[in-house]
Amino acid sequence: MKVPILKQGNILIATIQSALTDNDLLSLQDNLAHQVIQYRSQGVVIDITELDVMDSFATRTLRNIANILKLRGAKTIIVGMQPDVAFAMVQLGLTLPDIKTARDLDEGLTLLK
Amino acid sequence: MEKQSLPKSLNIDTLNLMNGMSLDENEIQHRKDWLQFDQSDEARLTELNEMAQGYADEVIESLYEHFLKFEDTQRFFEDPNILKRVKNLQKQYFLRLTKGNYDSKYIEERLKIGAVHASIGLDVKWYLGAYNFYMRAVATRLFKAFESKPEKALAAFFSLTKLVYMDIGLAIDTYIYQRESTIQRQQEAIRELSTPVLQLRKELLILPIIGAIDAQRARQLTEQLLHAIRDKRAKVVVVDITGVPTVDSRVANHLVQTVDASRLMGATLIITGLSAEVAQTLVTIGVDLTKIHTVGDLQGGIEEADRILGYQLIDSPADPSHLSSQE
Amino acid sequence: MVDDQVSIPILTDSDIVSARQQARELAKRFSFSSSELAGIAAAISELARNIVSYATQGTVNVSLIEEANKKGILVIVEDQGPGISDIPLAMQDGYSTSNSLGLGLPGVKRLMDSFEIQSEIGKGTTVIVKKWVLR
């Protein structure tokens with residue numbers, strides 16, 4: 001399942017719409033890295049409202065994405081994490097300490113503007 | 001046993017009872033098997049029906065005479081109309097015992113009666129005493145009627161005993177089931193009361209925690225809080241733990257988890273009411289409190305929350321380009 | 001009567017998704033809270049991932065169980081991989097999450113009510129976890 005990436009001004013919006021395999025996540029990482037350069041984007045919002053599980057691989061990939069995009073001069077914000085997903089994550093010991101979060105897409109976009 | 005008419009307000013949902021107590025055809029047969037109650041018992045009981053019709057009235061009269069001697073049972077029959085009605089119901093039940101067809105319909109009727117008795121607050125001891133009175137009254141008459149054939153009287157009496165024990169079992173199970181349901185409802189109510197997530201204003205929630213926190217409650221608190229953050233679109237939550245008697249490393253670690261989870265959702269958690277002593281103890285035993293945003297008391301916490309929310313609304317004056325996007 | 005157990009062979013990363021989805025569907029039949037369901041899915045994802053990362057192939061078995069007045073879910077994850085040489089080390093917090101390959105075992109233990117692990121070098125690893133429904 002490919003993750004659609006929308007361009008809105010100088011911001012990219014990636015909306016995760018269903019369960020992702022490791023390869024889906026890696027191709028998201030790849031696509032964002034390329035598109036940030038291509039569109040000279042200042043920021044990326046990754047909307048995970050629809051995601052129902054975050055395990056260590058998904059967490060690590062999101063962290064990698066944020067670090068890669070930072071090297072390319074763009075900020076990353078994760079938005080829309082569901083309460084149950086967040087609770088399971090912290091119990092697994094996954095906290096994403098250095099990544100910006102926001103409640104939803106609107107707030108994420110506001111923070112980047 | 002019918003001792004009081006079914007008041008209108010008592011709406012007994014027998015189907016729900018049957019399901020709740022898992023009384024399906026299998027379970028009913030299982031109960032009969034356990035009592036060794038079979039077709040021959042049913043046949044022996046049915047044979048007695050005619051005789052029972054003969055002595056039903058006098059047995060029931062003497063039973064109620066007995067009831068009326070005790071204050072505890074007397075209070076149920078103060079109204080003569082009720083007494084009359086109840087006697088009539090009692091007679092129906094007494095005759096029903098010898099009418100065969102002890103099927104799920106029969107079981108349902110027993111549950112209904114057990115539930116009514118539980119609802120009016122009749123203790124099990126009165127219930128059992130009444131059954132015992134019954135058995136003695138019937139035994140005397142049976143052995144008299146079959147004077148020449150005591151083995152026949154004994155067999156019939158045993159069959160009746162089995163059926164009555166089944167009925168008693170059903171009634172007591174209904175008592176227990178109803179009480180357990182009440183306890184469960186109360187526990188749920190207490191749980192809800194003990195985790196009041198309050199909305200103070202737009203985007204600001206307050207959660208005052210009162211009482212001890214065990215693993216289960218800690219988990220429920222976090223679940224409810226995180227769901228409230230999403231549902232009420234909260235930006236800041238002030239959790240006041242002044243009312244928590246002991247904050248040990250487990251509770252503290254749980255708070256840290258809740259702080260982390262809230263942050264992942266894009267909200268900020270402020271903890272208030274953590275005393276200096278407790279904070280020192282926690283640091284000494286190695287709990288990492290650096291992640292927790294603490295403020296001395298609830299008032300301070302709310303002020304801090306307002307500051308965070310206010311900052312959010314006014315935006316940073318350091319960068320004038322932001323002003324253009326403000327409403 | 002729907003089957004109250006599923007067995008999912010794990011070979012590739014898409015099997016991880018399938019394992020956690022099927023486990024969640026099964027667990028839904030008991031009254032787990034939504035956050036417990038997410039926890040079960042996350043735990044199974046971690047365990048299945050260990051198979052893909054270390055053992056290349058294995059199985060995730062999930063079944064509904066009832067025991068003395070309680071209901072729950074039993075998950076047995078087995079592989080024929082290299083085995084874990086130092087289990088106490090693998091069970092240490094931090095070892096799992098900071099390591100880029102990740103074992104995630106202490107996290108799984110926190111998410112579930114009981115956790116057992118058996119491992120033999122050169123033979124494989126079996127992890128058995130249970131989660132009970134509250135009340």
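Predicted model: local features only at pLDDT ≥ 70, side-chain atom pairs only at ≥ 80, totals over all residues.
**Entry 1**

I found A:R40 in the loop of chain A between α1 (22-38) and β3 (43-47). Is A:R40 buried or exposed? I get 11 C-beta neighbours inside 10 Å, so A:R40 counts as exposed.

Then I looked up B:R233, another non-glycine with a positive phi of about 50°. Its place is the loop that runs between α9 (215-231) and β3 (236-243) of chain B. Here I get 15 C-beta neighbours inside 10 Å, and therefore B:R233 counts as partly exposed.

**Entry 2: where chain A meets chain B**

I turned to the contact between these two chains, to which chain A gives 16 residues and chain B gives 16 residues. On the chain A side, α3 (83-92) and β5 (100-102) each supply at least two residues. Which element of chain A gives the most to this side? I have α3(A) down for that, with 6 residues. By type, I sort the chain A side into 9 nonpolar, 4 polar and 3 charged residues.

**Entry 3: the cores**

I next checked the largest nonpolar core, which holds 102 residues. The members that touch the most others are A:A86, B:V237, C:I44, C:A48 and C:V60. Helix α2 (residues 34-55) of chain C brings the largest share of this core, 11 residues.

Beyond its neighbours within four places in sequence, A:A86 is in contact with A:M81 in its own chain, and with B:L226, B:A261, B:L264 and B:M265 in chain B. I also noted a second, separate core of 27 residues, with B:L45, B:I107, B:L111 and B:V116 among them.

**Entry 4: the sheet of chain C**

I traced an open sheet of 5 strands in chain C, and the order reads β1-β2-β3-β5-β4 with antiparallel pairing. Which strands are at the edges? I find β1 (5-10) and β4 (114-120) of chain C there, each pairing on one side only.

I looked at one pair by itself: β4(C) and β5 (residues 124-132) of chain C run antiparallel and are joined by 7 bridges. In β5(C), C:K130 stands opposite C:S114.

**Entry 5: helices on that sheet**

I see helix α1 (residues 13-27) of chain C lying across β1, β2 (58-67) and β3 (70-79) of chain C, at about 170° to β1(C). Helix α2(C) packs on the sheet too, touching β1, β2, β3 and β5 of chain C, and its direction makes about 15° with that of β3(C).

I stayed with α2(C) for a last look. Its 22 residues reach 31 Å from first C-alpha to last, close to the 32 Å expected at 1.5 Å a residue. How many of the 22 residues of α2(C) are buried? I note 18, so this helix is mostly covered. Just after α2(C), I found C:T56 with a positive phi of about 65°.

Methods:
Residues numbered from 1 in each chain as written. Chains lettered and ligands numbered in written order. Contact = placed C-beta atoms within 7 Å. Helix = DSSP H or I, 4+ residues; strand = E, 2+ residues; numbered from the N terminus. Nonpolar A, V, L, I, M, F, W, Y, C, P; charged D, E, K, R; others polar. Core = buried A, V, L, I, M, F, W, Y, C linked by C-beta atoms within 7 Å. Buried ≥ 20, exposed ≤ 12 C-beta atoms within 10 Å, placed from the backbone. Pairing = 2+ DSSP bridges. Axes fitted to C-alpha atoms, helices over the stretch in contact; angles between N-to-C directions. Expected span 1.5 Å × (residues − 1).
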